[in-house]
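Colleague: I am new to this one. Please show it to me, and I will ask how you know each thing you say.

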Amino acid sequence: MLRDVTFGQYYLTKSFVHSMDARIKLILCLLFMVGIFFVQSFVGFAFVALFLLVAIGFSHVPLGSIVKSIKGIIFLLCLTALLNMFFTKDGNLLVSWWIFEIYDQGLIVAAKMLLRLVFLVMGSSLLTLTTTPVDLTHAIESLLKPLKVIKFPAHELALIMSLTLSFIPGLIEETDRIISAQKARGASFDSGNLIKRAKAFVPILIPLLVGGFRKAEELANAMNSRCYEGSTNRTQMRVMKLSWRDLVGALITVAVFATIFVVYAMRSQWSTITWLYF
Amino acid sequence: MPRAKKIVPTPSVVEPNVAIYADKLTFSYNAKSTSGKRALTDISLTINRGEFVALVGHTGSGKSTFVQHLNALMRLQQGSLNVLGHDLAQKKPNLMQLRKQVGMVFQYPEYQLFADTVLEDVCFGPKNFGVPASEHEQLAKKAIELVGLDFEEVKNKSPFDLSGGEKRRVAFAGVLVSEPQILVLDEPTAGLDPQGKKEILQLVRKLNKEQGVTVIMVSHDMNEVYENADRVIVFRDGCLVYDLPPQQLFRLENEIEDMNLEVPQVAAFCNVLEQAGITLPTCHNVEEVFAALCALKEGSNA
């Protein structure tokens, strides 16, 4: 049933990566995501893979749950690989059939793109698997704080995010209940053509939306009656503190990606990367 | 060690007046993992047509899980179950027929209203069950009037414009419109005002007494249970622990307290009287107790 759907998919355990500061993890994750696009050779990808495996090893998260996260974007992966394969017209022509032509460079580009996306998803799911959604929101709030100077509502944004996350389990439960109730009145969701099936969801979506608004209103009333105000200097129950783990983790990651950037810079002519500045 | 799964077809000797027959029904959520806690263990019971059964037990005792087996919202895992002649051990029971015959009113049913008009919402069931469209309005009229609303007045209203109590009645009508033979109610009076409670219970009693609908009511209100049910089934940790008429069950004051249930006021009063040496005949409500006491007084005066 729907109950099995997990969002954020936090994996509860104790590990080096789990106890790292969420802010540091978030920054390192961003670094990882940017850095992965500067990897150009298969040796580089092997290097990143090694780093990723070590990080996963230190997170005590089973490799299976990380691999599972790739399943969600399998369609995107296939599409990207196919497009790269057919539209790269470089190198030697390998196969030609009707309007399709496959060059050896196409295969290489496709493989690299595929690796890039897979690593991207694995890296970011390592973040969500080892950090609770609440910590993540706090981290975002904390990192956006400097923007308050230009009146950016960092706290409100973080509040919206954490409220959204906290609504999800309740909404899933509610959906389950509504589905059962409509089924009991004879609704079926797996028969008929596509339009009929889409229409069958109306009796679920409308009560769900109505319920969502009702709950939001109740929450707003509860907050208002406690004089909630986001703008004043609120303190947090759990204060985030940096520790030696953050230093070690950050140093390793930065070292890895510094290497990648240096290799990238050395391999390519400076003139060819000037596009970065435009 | 993986548990052996066994679904047993119901014996063909189920009597025609039996509405629900369950034998050793066992169920656990996430059946794949062996550590999965059992939600139901060896539930065996028979409920006859026309009975008014209350299902009690505190949260998490398996009441809802059991009830959802009755119209195959949850599929049989172990044991056997027969509802109105539908053998749920079959791979593909006639779900439409079964769900038409077993009406289920969930907790806070007003939260499931969805259509533009009351009429449309009430007709959702008949439409799904393949009742000819020409009969829809007639059936809806009957159901809406049964729950005590004015058909002409509400039929074109949006269900979201009604008051809380009215919404609940419309939701009830949406189930009753299919003229179920078994009516399963999950806390039908939760969140209603005393008058609303009384009216809903009156309606349920009427359906039970006049139309012979088998009623299975999940409830936490023991006073409600005591006054209405012919039979009380108590669940505890997924097991059936008591299956008695309320007058007998609530005599077991210690056991009732043990299970975090309360003794209904009428029963408590009768129990106190009994300890004082005054034994009354079976009473269902305050009026009956009063009548019995009057009779007793006259008897002693004479």
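Colleague: What makes D42(B) buried, exposed or partly exposed?

Modeller: A residue is buried if 20 or more other C-beta atoms lie within 10 Å of its own, exposed if 12 or fewer, and partly exposed in between, with C-beta atoms placed from the backbone. D42(B) has 15 such atoms within 10 Å, so D42(B) is partly exposed. This is a predicted model: local features need pLDDT of at least 70, side-chain atom pairs count only at pLDDT 80 or more, and totals for chains, interfaces and linings use all residues. Residues are numbered from 1 along each chain as its sequence is written, while chains are lettered from A and ligands numbered from 1 in the order in which they are written.

Colleague: Where is D42(B), and what is its phi?

Modeller: D42(B) sits in strand β2 (residues 38–48) of chain B. Its phi is positive, about 45°, although D42(B) is not a glycine. Most residues other than glycine have a negative phi.

Colleague: Which class does E187(B) fall into, and why?

Modeller: E187(B) has 18 C-beta neighbours inside 10 Å, so E187(B) counts as partly exposed. Its phi is also positive, near 45°, and E187(B) is not a glycine. E187(B) lies in the loop between β7 (182–186) and α8 (194–211) of chain B.

Colleague: Why is I150(A) classed as it is?

Modeller: I150(A) has 6 C-beta neighbours inside 10 Å, so I150(A) counts as exposed. I150(A) is in the loop between α6 (133–144) and α7 (154–184) of chain A.

Colleague: How many helices and strands does chain A have?

Modeller: Chain A has ten helices and two strands. Helices (H or I, at least four residues) and strands (E, at least two) are DSSP runs, numbered from the N terminus.

Colleague: How does the radius of gyration of chain A stand against the globule rule?

Modeller: The radius is taken over C-alpha atoms, and the rule is 2.2 Å times the number of residues to the power 0.38. A compact globule of 278 residues would come near 19 Å, but chain A has 24 Å. Buried residues make up 20% of chain A.

Colleague: Which strands form the open sheet in chain B, and what makes two of them a pair?

Modeller: Two strands pair if DSSP finds at least two bridges between them. The six strands run in the order β6-β7-β8-β3-β9-β10, with mixed pairing. The edge strands are β6 (102–105) and β10 (239–244), each pairing on one side only. β6(B) and β7(B) have four bridges, in the parallel sense. G103(B) stands opposite L183(B) in β7(B).
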